[in-house]
Amino acid sequence: MTDFDLVLTGRLVLADREIPEGFVAVADGKIAMIGQGKPPAAAERHDFGDGLILPGAVDAQVHSLSQRGTEGFAASTRAAAAGGVTTIVDMPYDEGDLICSAEAVTRKAATADREARVSVALYGTIRPADGAARIAEQAAAGVCGFKFSTFGTDPERFPRIPPALLRACFEAVARTGLAAGVHNEDDDYVRAAIAEVEATGITDWRAHGLSRPQLAETLAMLQIYETGAETGCPAHVVHCSVARGYEIAESYRRQGFYATAECCIHYLTLDEENDVARLGGLAKINPPVRPRREVEAIWRHVAEGRVSMVSTDHVSWARERKTDPEILKCASGVPGLEVMVPLFVRGAMERGVPLFWAARLMAENPARHFRLDHRKGGIEVGRDADLTVLVDRPAVYEAAASAHSVADWSPYDGIALPWTVAAVWHEGRMAFDGNAVLAAPGRGGFVRPPETLGLRRELHA
């Protein structure tokens with residue numbers, strides 16, 4: 001008999017430090033002990049030498065159901081498991097089913113319970129005609145946050161929330177103890193910029209960045225944070241592509257407000273002058289991928305603690321929706337669940353950024369933000385044994401060759417990954433063995449914040 005079901009040994013990467021020659025012991029699906037040196041006995045043991053043992057990632061932004069019949073939870077969580085992501089936070093803009101009521105939340109949660117291979121938390125939103133009236137019922141049904149937009153992509157599926165209504169929504173969200181996340185592009189400015197670009201006749205890769213200026217993004221961020229300051233609601237920008245935005249967020253935090261900014265992995269990896277120029281619509285994302293100078297400036301903000309979390313904004317559009325020669329006609333968004341963690345580790349190592357930022361920004365901070373840290377987000381005694389192991393095993397990523405992603409394309413195709421995912425455990429059971437996803441549909445499922453929320457813990461910075 002042993003006290004533990006599982007013991008992993010390697011280089012533990014916690015949210016505040018690394019433990020060389022460390023170990024983590026698991027019992028009944030929970031982390032039961034962490035330490036350094038000789039590990040305890042266990043029914044199952046894995047020694048990864050100098051391999052990195054990270055907390056399973058909590059991807060703060062996933063669109064599993066944006067294109068009906070294309071992906072779904074069985075497919076998105078398969079890619080997640082293969083990439084070391086053990087919890088996804090799914091966006092509410094599902095094709096044909098806006099998640100804006102308790103009934104819709106309950107229905108989607110049941111789908112996650114049937115199909116998901118890892119854990120799934122859910123965002124809620126509103127239909128503008130309903131106002132803020134249905135926010136409380138969605139919180140009671142278990143959403144972990146609310147999503148709004150200052151830009152209107154579609155009046156039904158992805159509507160703009162005008163300033164007065166956004167304020168009312170923030171007031172209602174503040175009463176739930178959750179946070180309000182907002183897509184940050186000023187609607188009037190972007191529409192004027194699109195008209196200007198169309199008037200020039202530019203339709204190639206240059207048109208996208210020109211049509212969504214950096215100032216349109218930072219102006220929207222000021223509105224979002226001011227609305228949070230006015231209402232007392234935790235205000236979160238769900239993707240910031242420009243370095244200036246992280247400086248704005250930090251200025252509000254210094255004033256005592258909860259003001260967070262999320263960086264997607266594409267803003268740390270791709271650039272406009274090389275990747276968008278080469279890939280065209282395959283690299284079209286809103287807000288746009290920016291020039292290399294912004295990429296490197298954001299990495300400096302990562303190292304200095306101004307970035308709150310890192311996500312994918314994953315969506316697996318069919319290739320035909322991404323390859324129109326007129327870039328403004330292409331769908332926006334890219335898949336990324338399978339490669340976020342290795343890409344971040346690669347970028348951090350290249351720049352000498354401490355690896356504890358991987359644990360903070362892709363696990364601990366998103367779990368805290370979404371009020372899931374009673375179970376998720378860290379290698380800590382009592383939390384779920386969600387663990388990701390990366391080893392020094394170089395590989396070149398090619399989505400079409402992967403058995404894990406539903407997409408046969410990726411803007412990250414051809415990128416050399418020096419450290420790759422060797423194994424993943426979800427709630428103490430192996431979900432990925434380095435080659436195959438072992439977690440079957442239904443082995444994961446819906447997770448929610450506690451019904452009674454305590455004081456919000458500040459994010460690591």
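Tyr225, Tyr252 and Phe257 form one aromatic cluster. The model is predicted.

Q: How many aromatic pairs are there in this model?
A: A pair of aromatic rings is described by the distance of the centres and the angle of the planes. The count here comes to eight aromatic pairs. One of them is formed by Tyr93 and Phe158, with 4.1 Å centre to centre and 25° between the planes. Planes under 30 degrees apart count as stacked, and this pair is stacked.

Q: Where do Tyr93 and Phe158 lie?
A: Tyr93 lies in strand S7, residues 93–94, and Phe158 lies in the loop between strand S10 (145–149) and helix H4 (163–176). The two parts are 65 residues apart in sequence, so the pair ties them together.

Q: Is Tyr93 buried or exposed? And is Phe158 buried or exposed?
A: The cut-off for buried is under 20% relative accessible area. Tyr93 has 1% relative accessibility, so it counts as buried. Phe158 has a relative accessible area of 8% and is therefore buried.

Q: At what angle do the axes of helix H7 and helix H8 cross?
A: The axes of H7 (residues 214–231) and H8 (residues 243–254) cross at roughly 15° and come within 10 Å. Angles under 35 degrees count as roughly parallel, so H7 is roughly parallel to H8. The crossing in which H7 passes H8 is right-handed.

Q: Which residues make the contact of H7 with H8?
A: On the H7 side they are Thr218, Met221, Leu222, Tyr225 and Glu226. On the H8 side they are Arg244, Gly245, Ile248, Ala249 and Tyr252. By class, the residues of this contact are six nonpolar, two polar and two charged.

Q: How far apart are the axes of H4 and H7?
A: The axes of H4 and H7 are 9 Å apart, and the helices pack at an angle of about 50°. That angle makes H4 oblique to H7. The crossing of H4 and H7 is right-handed.

Q: Which residues of H4 and H7 make that contact?
A: H4 contributes Pro163, Leu166, Arg167, Phe170, Glu171 and Ala174. H7 contributes Gln223, Ile224, Thr227, Gly228, Glu230 and Thr231. The contact of H4 with H7 has five nonpolar, four polar and three charged residues.

Q: What is the arrangement of H8 and H11?
A: The axes of H8 and helix H11 (residues 292–303) come within 8 Å and cross at roughly 30°. This makes H8 roughly parallel to H11. Ala243, Tyr246 and Glu247 of H8 meet Glu294, Ala297, Ile298 and His301 of H11 in the contact. The classes in this contact are four nonpolar, one polar and two charged.

Q: Which peptide bond is cis?
A: Most residues other than glycine have a negative phi, and most peptide bonds are trans. Here the bond from Asn286 to Pro287 is cis, with omega near -10°. Pro287 is in the loop between helix H10 (272–279) and H11.

Q: What is the phi of Asp313? And what is the phi of Arg371?
A: Asp313 is not a glycine, yet its phi is positive, about 55°. Asp313 lies in the loop between strand S14 (309–311) and helix H12 (340–351). At 9% relative accessibility, Asp313 counts as buried. Arg371, also a residue other than glycine, has a positive phi near 60°. Arg371 is in the loop between helix H13 (356–369) and strand S15 (387–391). Its relative accessible area is 8%, so Arg371 is buried.

Q: Where does Asp408 lie, between which strands?
A: Asp408 lies in the loop between strand S16 (395–396) and strand S17 (416–417). Its relative accessibility is 41%, so Asp408 counts as partly exposed.

Q: Which residues are in contact with Asp408?
A: Neighbours within four places in sequence are left aside, and Asp408 is then in contact with Arg319, Ala399 and Ala400. The C-alpha atoms of Asp408 and Ala318 are separated by 8.3 Å, and these two residues are 90 residues apart along the chain.

Technical notes: Residues are numbered from 1 along each chain as its sequence is written. This is a predicted model: local features need pLDDT of at least 70, side-chain atom pairs count only at pLDDT 80 or more; totals for chains, interfaces and linings use all residues. Side-chain values use heavy atoms; hydrogens and water are left out. Axes are lines fitted to C-alpha atoms, for helices over the stretch in contact, and angles run from 0 to 180 degrees between N-to-C directions. Helices (H or I, at least four residues) and strands (E, at least two) are DSSP runs, numbered from the N terminus. Angles under 35 degrees count as roughly parallel, over 145 as roughly antiparallel, 65 to 115 as roughly perpendicular and the rest as oblique. A crossing is left-handed if the near helix is turned anticlockwise from the far one by less than a right angle, and right-handed if clockwise. Contact means heavy atoms within 4.5 Å. Ala, Val, Leu, Ile, Met, Phe, Trp, Tyr, Cys and Pro count as nonpolar, Asp, Glu, Lys and Arg as charged, and the others, Gly among them, as polar. Rings of Phe, Tyr and Trp (its six-membered ring) pair if their centres lie within 6.5 Å; planes under 30 degrees apart count as stacked, over 60 as edge-to-face and the rest as tilted. Buried means under 20% relative accessible area, exposed over 50%, partly exposed in between (1.4 Å probe, protein chains only).
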